[in-house]
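Please study the sequence and the model before reading each solution.

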Amino acid sequence: MTTLPTLIRSLALTALLSFIAPVVLFLGFFAFLCTMSWVPGLETLGQTGANDLLQFLAIFGNGCSVEGLFVIGLTCSFVAALFDTYAFYSYQHLNDH
């Protein structure tokens with residue numbers, strides 16, 4: 001029974017960090033593109049890139065780019081939690097033998 005709190009703590013931390021990572025990545029890239037649109041000569045590239053990024057996120061969010069960002073973050077979080085559960089189980093199983 002002592003492994004359950006360890007598993008829960010590990011799953012919570014993994015899920016949280018795996019949700020935050022893609023959200024920060026997309027927001028950072030979006031901020032970079034918006035900043036690039038203020039640079040003379042790169043306005044078109046920055047605006048086009050920001051619009052394309054918002055359209056890409058809207059695909060996953062039924063037309064809403066914020067919802068798409070959450071869907072991608074939750075998907076990454078779920079996959080990482082599954083991997084962490086598998087790794088935790090494998091580690092416990094290998095230590096028994």
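**Exercise 1. Determine how exposed Cys64 is, and whether Cys64 or Cys34 takes part in a disulfide.**

Solution. Step 1: Cys64 has a relative accessibility of 34% and therefore counts as partly exposed; the classes are buried (under 20% relative accessible area), exposed (over 50%) and partly exposed in between, with a 1.4 Å probe and protein chains only. This is a predicted model, in which local features need pLDDT of at least 70 and side-chain atom pairs count only at pLDDT 80 or more, while totals for chains, interfaces and linings use all residues. Residues are numbered from 1 along each chain as its sequence is written, and side-chain values use heavy atoms, with hydrogens and water left out.

Step 1: Cys34 is likewise partly exposed, at a relative accessible area of 29%.

Step 2: A disulfide is a covalent bond between the sulfur atoms of two cysteines; here the criterion is a pair of cysteine sulfur atoms within 2.5 Å. The cysteine sulfur closest to that of Cys34 belongs to Cys64 and is 16 Å away, too far for a bond. The structure accordingly holds zero disulfides.

**Exercise 2. State which elements the protein has and how spread out it is.**

Solution. Step 1: There are three helices and zero strands, where helices (H or I, at least four residues) and strands (E, at least two) are DSSP runs numbered from the N terminus. The order from the N terminus is α-α-α.

Step 1: The radius of gyration is 19 Å, well over the 13 Å that the globule rule gives for 97 residues, so the protein is more spread out than a compact globule. The radius is taken over C-alpha atoms, and the rule is 2.2 Å times the number of residues to the power 0.38.

Step 2: Along the principal axes, the C-alpha atoms fill a box of roughly 65 × 25 × 20 Å. Of the 97 residues, 25% are buried.

**Exercise 3. Check the span of helix H2 and describe what follows this helix.**

Solution. Step 1: Helix H2 covers residues 43-60, and its 18 residues should span 26 Å at 1.5 Å a residue; the expected span is 1.5 Å times one less than the number of residues. The end C-alpha atoms of H2 are 27 Å apart, which agrees.

Step 1: The buried residues of H2 are Gly46, Gly49, Ala50, Leu53, Leu57 and Ala58. An α-helix has 3.6 residues a turn, so residues three or four places apart point the same way.

Step 2: After H2 comes Asn62, in the loop between H2 and helix H3 (65-96). The phi of Asn62 is near 55°, a positive value in a residue other than glycine. With 72% relative accessibility, Asn62 counts as exposed.
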